[in-house]
Amino acid sequence: MNIADYKNKVLRLEGSKDLMAQQLEKQKAIQKAQTDRMVACEEALVFVQEVAQRTQEQLTIHIEDVVNTALDTCFPGEYQFQLKFEVKRNKTEARLVFLKNGYEIEPMDASGGGLVDVASFALRIAAWSLGRTRNTICLDEPMKFLSRDLQPRAGEILSEISKKLGIQFIMVSHVNDIIQSADRVFEISLNSKGVSQVKRQDA
């Protein structure tokens with residue numbers, strides 16, 4: 001091998017070295033961009049988690065307030081409702097917790113279904129109030145699973161929630177205690193020809 005061959009070999013090696021240096025710089029730039037993106041994603045994730053946490057806290061306060069208002073009106077000091085957010089299978093789930101004397105209970109076993117009736121009604125109202133809809137809700141036989149002795153309190157619940165959230169309830173009911181809680185009452189009956197007649201009771 002002569003000197004010219006060595007020179008050519010050196011030149012080829014220098015060219016390879018320059019190419020490798022360029023590829024190294026390119027890979028460094030790619031790595032930096034990926035690192036910057038990862039940092040940005042981590043910061044975004046922290047931000048989203050903080051917003052989600054604040055949203056959950058606000059939801060918890062609002063929903064618990066509405067449900068506990070209804071429960072305390074019907075069962076004074078007897079039951080407490082809590083909304084707990086838990087992460088399961090990488091998803092956030094809400095767990096509805098009912099307490100009696102500080103101990104968690106199964107709501108279906110309490111008060112013959114009346115507890116569930118009151119709580120489910122209050123939960124529907126709480127969920128409704130989070131949206132941007134009109135303030136009128138139609139109810140068909142609300143609180144029908146409450147025992148007869150608690151029916152007067154059902155009327156108080158409806159009245160209290162109506163005032164607290166500014167909701168107008170239009171109800172269909174045969175329960176006298178709930179009817180008595182209404183601001184206006186209309187009696188609907190069928191005449192002998194099968195035609196509905198509407199009469200205002202307090203008129």
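Helices here are DSSP runs of H or I with at least four residues, strands are E runs of at least two, and both are numbered from the N terminus. You're looking at a predicted model, where local features need pLDDT of at least 70, side-chain atom pairs count only at pLDDT 80 or more, and totals for chains, interfaces and linings use all residues. Residues are numbered from 1 along each chain as its sequence is written, and side-chain values use heavy atoms, leaving out hydrogens and water.

Start at the end of α3: select Gly166, which follows the helix and has a positive phi, near 65°. Now step back into α3 and pick Gln151, Ala154, Gly155, Ile157, Leu158 and Ile161, its buried residues (under 20% relative accessible area, 1.4 Å probe, protein chains only). Look down the axis: they fall within an arc of 155°, so they line one face of the helix (the arc takes directions from the helix axis to the C-beta atoms).

Next, select Phe169. Its contacts (heavy atoms within 4.5 Å) include Ile125, Ile137, Leu139 and Leu158, leaving aside residues up to four places away in sequence.

Now for the rings, which pair if their centres lie within 6.5 Å; planes under 30 degrees apart are stacked, over 60 edge-to-face, and the rest tilted. Show Phe81 and Phe98: centres 5.4 Å apart and planes at 65°, so this pair is edge-to-face. Phe81 sits in β1 and Phe98 in β2, 17 residues apart.

Last stop: Phe121 and Phe169, with centres 6.0 Å apart and planes at 45°, so the pair is tilted. Phe121 lies in α2 and Phe169 in β5, so parts 48 residues apart in sequence are tied together.

Conventions: Buried < 20%, exposed > 50% of the residue type's maximum accessible area, 1.4 Å probe, protein only.
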